[in-house]
Amino acid sequence: MSLPRLSRPRMPPLAAALTASGLIAFGIAGPPGMAAADTSQRIPAPSVMRTAIEACLDAASAAGGDADGAGARSCVGQETSACIDRPENQTTTGMMACALAERDAWDALLNLWWKPLRAHALKLDEASGDTGFPPAAPMLQEAQRAWLAFRDAECAYDYALAGGGTIRQVYGAECQLRLTAARALRFRERLAAAP
Amino acid sequence: MQRLSRHPAPPARPRAIARRAPAPRLSRGPTALMLASLALAAGLAALFAAPPARADAIDDSRFIGQCVESHLSQGTAAAEAACLGLIALPCAEAPLGDPAEDQSPTQAREAAESACLARETAAWDSLMSEWWPDLLASAVSLDARDDRQSASSDALRRAQRAWESFAEAECGYAYALWGRSDFRNVAKADCEMRTLARRAIQLRGQTGLD
């Protein structure tokens with residue numbers, strides 16, 4: 001028994017109205033793609049943001065090496081700022097959706113860079129054989145699992161810090177963005193160091 | 001990976017140049033190995049902290065603490081750029097004594113670098129212990145307000161526990177990346193110092209907010 005499929009996912013009118021008035025508090029993480037659910041005309045798609053972020057990172061690397069990573073870090077949050085600058089997004093929900101869309105963009109980059117990093121670790125493990133030392137690939141996996149738990153606990157704290165108002169949704173989303181981007185940039189640094 | 005100073009051997013190089021017999025595989029795997037090395041590091045730190053070196057350890061953490069406090073108004077990234085390595089870098093540049101008989105010059109240098117990094121880690125660790133009560137107190141006072149509906153102090157404790165697990169796993173990975181190369185000890189010590197320092201700076205930046 002399935003309902004006819006709509007071409008675009010829609011929120012039930014009541015939920016949409018409640019969301020717009022800030023009465024519904026979303027969980028901090030929100031499912032991926034939530035940002036685009038009913039807001040596709042106001043919030044750039046994560047894939048669009050991702051392309052802009054990659055261009056920003058390339059420009060930062062081209063401009064003199066960026067040894068301390070400050071140039072790359074300056075690419076974090078630009079898309080959210082531009083998104084929030086649109087008048088129609090200047091609501092708690094709009095700001096949260098902007099930050100979560102950029103979080104999703106960085107998450108896609110994180111997944112992109114994870115693959116060669118993991119392949120690198122596997123290659124090292126294969127080359128060194130059973131030496132009795134801890135292999136790198138499972139440790140990488142474990143570190144990533146631990147990072148994910150940390151990110152969510154840390155952002156739950158940021159969310160709690162904001163107190164009872166709906167602004168905490170923005171805090172939680174901004175935290176998700178900041179931590180996901182930092183992790184993705186760490187992967188990128190490591191890839192640059194590894195051949 | 002950021003490294004302490006110019007170093008040979010990126011992780012991709014063949015790692016089979018074992019100067020020592022590999023350590024016996026511990027039945028409990030990497031965690032036991034890491035715990036053992038952490039215990040060793042803690043033992044060394046305790047050794048360095050014993051009189052008459054104790055005054056130096058206090059000076060280290062004061063020095064770093066002042067660096068953080070004076071840069072934090074420009075943001076955590078500025079404080080990181082200014083303060084990470086403040087103890088370890090000059091320490092590692094000090095001339096080495098004669099290497100022990102069974103040590104190559106490289107091994108002696110790496111051992112000195114690991115010790116310098118551990119010395120800075122100890123300084124960050126004591127700053128973290130010094131700053132933590134203030135941070136927790138801010139969270140508790142936020143929670144005590146009537147209009148707050150959140151338990152930020154509990155969330156802070158949970159976040160810190162999650163961070164500790166993450167730091168341990170992250171530096172276990174940094175260690176594992178170097179296989180049996182002796183550089184693994186420097187890589188791990190470097191990771192521990194930086195991960196802890198960034199966390200301490202970030203938490204310090206939150207104290208007194210609101």
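How many residues does helix α5 of chain B have, and how far does this helix reach from its first C-alpha to its last? The legends below take up this question together with the other views. The structure is a predicted model, in which local features need pLDDT of at least 70, side-chain atom pairs count only at pLDDT 80 or more, and totals for chains, interfaces and linings use all residues. Residues are numbered from 1 along each chain as its sequence is written, while chains are lettered from A and ligands numbered from 1 in the order in which they are written.

View 1. Helix α5 (residues 105-144) of chain B has 40 residues and reaches 58 Å from its first C-alpha to its last, close to the 58 Å expected at 1.5 Å a residue (the expected span being 1.5 Å times one less than the number of residues). A kink of about 30° lies at Trp131(B) in this helix, shortly before the proline Pro133(B); the bend at a residue is the angle between axes fitted to the seven residues ending there and the seven starting there.

**View 2. Helices of the two chains.** Chain A holds eight helices and zero strands, and chain B holds seven helices and zero strands, where helices (H or I, at least four residues) and strands (E, at least two) are DSSP runs numbered from the N terminus. Among contacts between residues at least 6 apart in sequence, 66% in chain A join residues at least 24 apart, and the corresponding value in chain B is 68%; two residues are in contact if their C-beta atoms, placed from the backbone, lie within 7 Å.

**View 3. The largest nonpolar core.** This core has 91 residues, and those with the most contacts inside it are Ala136(A), Tyr173(B) and Leu177(B). Helix α7 (residues 136-161) of chain A gives the most to this core, with 15 residues. A nonpolar core is a set of buried Ala, Val, Leu, Ile, Met, Phe, Trp, Tyr and Cys residues joined through C-beta atoms within 7 Å. A residue is buried if 20 or more other C-beta atoms lie within 10 Å of its own, exposed if 12 or fewer, and partly exposed in between, with C-beta atoms placed from the backbone. Buried residues make up 43% of the 195 residues in chain A and 35% of the 210 residues in chain B.

**View 4. Surroundings of Ala136(A) and Ala121(A).** Leaving aside residues up to four places away in sequence, Ala136(A) touches Ala121(A), Leu124(A) and Asp125(A), together with Tyr173(B), Ala176(B) and Leu177(B). Ala121(A), placed in helix α6 (residues 92-128) of chain A, counts as buried because 22 other C-beta atoms lie within 10 Å. With the same exclusion of residues up to four places away, Ala121(A) touches Ala136(A), Ala137(A), Leu140(A) and Leu177(B).

**View 5. Confidence along chain B.** The mean pLDDT (the predictor's confidence in each residue, from 0 to 100) of chain B is 77, and 70% of its residues reach 70 or more. Among the elements of chain B, helix α1 (residues 29-49) has the lowest mean pLDDT (44) and helix α6 (residues 152-176) the highest (96).
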